Amino acid sequence: MKEFTLWNEKDSTKIEWYEPKNKKSDVAILVFPGGGYLQLCDYEGKDYAEYLNTLGITAFVVYYRRDPNYFPLPLLDARRAVRFVRSNAEKFGISKDKIAVMGSSAGGHLCALLSTYKERIDGEGTDSLDETDYMPNAQILCYPVISSDESIFHKWSYMSLLGEQYPDKEKYSPELLVSENTPRAFIWHTAEDKSVAVENSYRYATALFRKGVPCELHVFPYGAHGRALSLDDPHVAQWKELLLNWFRLYKWI
């Protein structure tokens, strides 16, 4: 593992590069751990990266800013991370056109927001790196926070992301921002999730469908929130093989 900083600030955001020993693909997956925009969970970051390495896939873990660093700072870090990896594609031995973002829970929200929110944000345009396209080529969402609808939303993630901007939460609800150019998606969730309602994934998948964006959605009938690699649950753990099949479908591996 090698570490890089994304900014020149003293408290700069970092990104960790996990290079597989037996590389089998020119795909790069940027992993955004969950944690409600309050913390970052290793089992949804480092553990994912190490697993992807066993498959011969290059991975990066992005340590984006969180509460009390409110929007747009997490999204600014996410865009910067994609730009950094894409602009250094040759160095990392990956294709600049095969970059996927992968996030769990609130990290899934950030990946979906990165894939749908197209407005210019404060902090961009500081150097030549910002001339690189930040849009990923695919999104992988694990039990993601999506909707701002108060009947199903994860209130604390939205509060931690937005701070005083919380009353405008609908502006940052990915299912309302989907366009025909949104990257294709692989999504999985558990129906029993009591923390982030499975309807979040249903709504995002429906929004993608309505815009003609390819989406593969898997919902497992049981399992709590935060299952991650699901090492103790063979049924839910099937999502990993399903993800590989999805990559094979598009000839990414």
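Visitor: Is Cys-142 buried or exposed?

Guide: First, the ground rules. This is a predicted model, in which local features need pLDDT of at least 70 and side-chain atom pairs count only at pLDDT 80 or more, while totals for chains, interfaces and linings use all residues. Residues are numbered from 1 along each chain as its sequence is written, and side-chain values use heavy atoms, leaving out hydrogens and water. Buried means under 20% relative accessible area, exposed over 50%, and partly exposed in between (1.4 Å probe, protein chains only). Cys-142 is buried, at 0% relative accessible area.

Visitor: How many disulfides does the structure hold?

Guide: A disulfide is a pair of cysteine sulfur atoms within 2.5 Å. The structure holds zero. The closest cysteine sulfur to that of Cys-142 belongs to Cys-111, 8.6 Å away, so it is too far for a bond. Cys-215 is in no disulfide either; its nearest cysteine sulfur, in Cys-142, is 13 Å away. Cys-215 is partly exposed, at 31% relative accessibility.

Visitor: Which residues touch the most other members of the largest nonpolar core?

Guide: The general idea: in soluble globular proteins, nonpolar side chains tend to be buried together. A nonpolar core is a set of buried Ala, Val, Leu, Ile, Met, Phe, Trp, Tyr and Cys residues joined through side-chain atoms within 4.5 Å. Here the largest has 83 residues, and Ile-29, Leu-30, Val-85 and Trp-239 touch the most other members. Helix H2 (residues 73-87) gives the most to this core, with seven residues.

Visitor: What does Ile-29 touch?

Guide: Contact means heavy atoms within 4.5 Å. Leaving aside residues up to four places away in sequence, the partners of Ile-29 include Leu-52, Ile-57, Phe-60, Met-102, Ile-140 and Phe-247.

Visitor: Which residues of helix H1 are buried?

Guide: Helices (H or I, at least four residues) and strands (E, at least two) are DSSP runs, numbered from the N terminus. In H1 (residues 46-54), the buried ones are Tyr-48, Ala-49, Leu-52 and Asn-53. They lie on the same side of H1, because their arc around the axis is only 140°. That arc is taken from the directions from the helix axis to the C-beta atoms. Their cover includes strand S3 (28-32), strand S5 (99-104) and helix H7 (239-249). Gly-56 follows H1, with a positive phi near 85°.

Visitor: How many helices and strands does the protein chain have?

Guide: Seven helices and eight strands. Buried residues make up 59% of the 253 residues.
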